[in-house]
Amino acid sequence: MSAAMRAKRLVYLAHRWTGVAGCLLMVLWFASGVVMLFVGYPKLTPWERLGALPALPAVNCCAPPDGVVDEWHAAQVGLVLTTIAGRPQFVLQDGGRPSAVPPGGAREGPITLAQALAEAQAFAPGAPLHHAGMVYEDRWTHARSLDLHRPLHRIAVGGNRPGDLYVSSATGQIVLDAPRVQQYWNYAGAWLHWLYPLRDRSVDPRWSWIVIALSAVCTVTAASGLLVGVWRWRFRGRYKSGARTPYRQAWMRWHHLFGLGFGIVVCTWIFSGLMSMNPLEIFAPASRPDIAAYRDGVRPATPLQRGWLASPGQILHALRSDGFAAVELQWKTLGGRPYAIAYDAQADSRVVRIASAARVSVSPSWSPDAVMPAASRLLAWPVAQSRVLHAHDAYYYRRHAEAMNGALPRSLPALRVDFADPARTRIYIDLRTGEVAASLDRSQRLGRWLFYFLHSWDLPALLRAGRARDVAIIALSLGGLVVSVSGVVIGWRRLGKPWPTRNRKSQS
């Protein structure tokens, strides 16, 4: 037997035996993928979180605790003024576990049951609540962003919108909202799609490698099946049956025909699912932005800056005068200059800066010229080019809330900065907040195409198509489902198992 014939036989054998189990997994993936188009994994989006907060009072609000101003300006602690359990509080983040401090007060201990219930009641007013215990991690709380808040208070919500709220034991804030109907759909959606029954913690190498291995096997199944399908198709002439496919048995025929019609889609979706796991860290960035250099905030506070930071009421009054009802203030630095980001209940934002000893300025965004000197310090390489985005591009775009990254605002305008480093890193800065929103080097941009594009068809132009895109994805998923279900039947029979719907007599 020639080497070519041996190679061809190996392809046939690989498709046959990897497909026995692989097709069952693909049935689960295609079916759950359709569910995920409409119901995402539970998360708390900025719009949900901010929408539940009351406007901060513009009068007599809210002196920060002693020493916090100096700590913040020395870049030792992050500073946020928000509302927790119905009262204004400062949230401090010093690089470790965050904490909540009432105005003029001291840092408190772990959040009590009563405090957790009060925060949940403010989020779900009028709903019956009960404390369902402390949870370190469960099926809805795998996100690594929750690690600093563990263990979590789980609050069961009744009434017209039943579900579970998870409250940080560090700050007392709601960190996750999981409505009951979303949980139910997730058993058939994301929870099944990502094989979460096999995952028991936020960082679980065993689960990661199981998913990588299964995805790799199914990629081999799909790719080898496409090759076999092409080899078995008569492009010239026909078989004795008069058909171009050699298969007369219904399941084999449908598997062949649908495999040819939808094989490329099956291959790309299974392969891109493998790429989502970043096997062997092939999409790891060569370098990361130096956020400390961008902020450049380690310097003594001037008397003017101390007075401004110690008087949130001045900021809130200026915002009210501008017609903006802030529900949260976040203090930041950019190039050594202090400023505040104000958010309202619709998650709209304003940039607040010091104008003089008696006045602050309120603007919808930073100017690119004001940001560019600090942006150039994000990497130790020269800037190759920069531009302002007034429309989303292929790497900086917004998804609907159900998507995996649907909680990312991706506001406009944005400043795109390309660096001349070996990895050709590209950084996006949200000018509405001054925050570094995304950083992608060459390998990460490749990963964007191999995962997000192939798996989700998430180009901005396609996302704007809305329901037309959804219909196309559902139609292709149904085609992939026929390929997979027929493969399951064929595999079952290959193992010598009688199909349950047919009696033994009719098979003889």
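Me: How many helices and strands does the protein chain have?
Reply: This is a predicted model. Its elements are counted along the protein chain, and the count comes to 16 helices and 15 strands.

Me: What share of the residues of the protein chain counts as buried?
Reply: A residue is buried when its relative accessible area is under 20%. The protein chain has 508 residues, and the share that counts as buried is 45%.

Me: Is Trp17 buried, partly exposed or exposed?
Reply: Trp17 is found in helix α1, which covers residues 3–36. Buried means under 20% relative accessible area and exposed means over 50%, with partly exposed in between. The relative accessible area of Trp17 is 47%, so Trp17 is partly exposed.

Me: Which residues does Trp17 touch, leaving out those up to four places away in sequence?
Reply: A contact needs heavy atoms within 4.5 Å. Trp17 and Arg494 are 477 residues apart along the chain, but their C-alpha atoms are separated by 9.1 Å. With residues up to four places away left out, Trp17 touches Arg494 and Leu495.

Me: Where does Val230 lie, and which nonpolar patch on the surface includes Val230?
Reply: Val230 lies in helix α7, residues 205–232. Its relative accessibility is 37%, which means that Val230 counts as partly exposed. A patch takes residues with over 30% relative accessible area. The nonpolar patch has about 380 Å² of accessible area together and is formed by Leu227, Val230, Trp231 and Phe235.

Me: How far apart do the centres of the positive and negative side chains lie?
Reply: The protein chain has 57 positive and 31 negative side chains. The distance between the centres of the two sets is 19 Å.

Methods. Residues are numbered from 1 along each chain as its sequence is written. This is a predicted model: local features need pLDDT of at least 70, side-chain atom pairs count only at pLDDT 80 or more; totals for chains, interfaces and linings use all residues. Side-chain values use heavy atoms; hydrogens and water are left out. Helices (H or I, at least four residues) and strands (E, at least two) are DSSP runs, numbered from the N terminus. Buried means under 20% relative accessible area, exposed over 50%, partly exposed in between (1.4 Å probe, protein chains only). Lys and Arg count as positive and Asp and Glu as negative; His and the chain ends are not counted. The place of a charge is taken as NZ of Lys, CZ of Arg, CG of Asp or CD of Glu. Patches are made of residues with over 30% relative accessible area and no salt bridge: like charges are joined within 9 Å, nonpolar side chains (Val, Leu, Ile, Met, Phe, Trp, Tyr) within 5 Å. Accessible areas come from the Shrake-Rupley method with a 1.4 Å probe; for residues, only the protein chains shown count as cover. A salt bridge is a side-chain nitrogen of Lys or Arg within 4 Å of a carboxyl oxygen of Asp or Glu.
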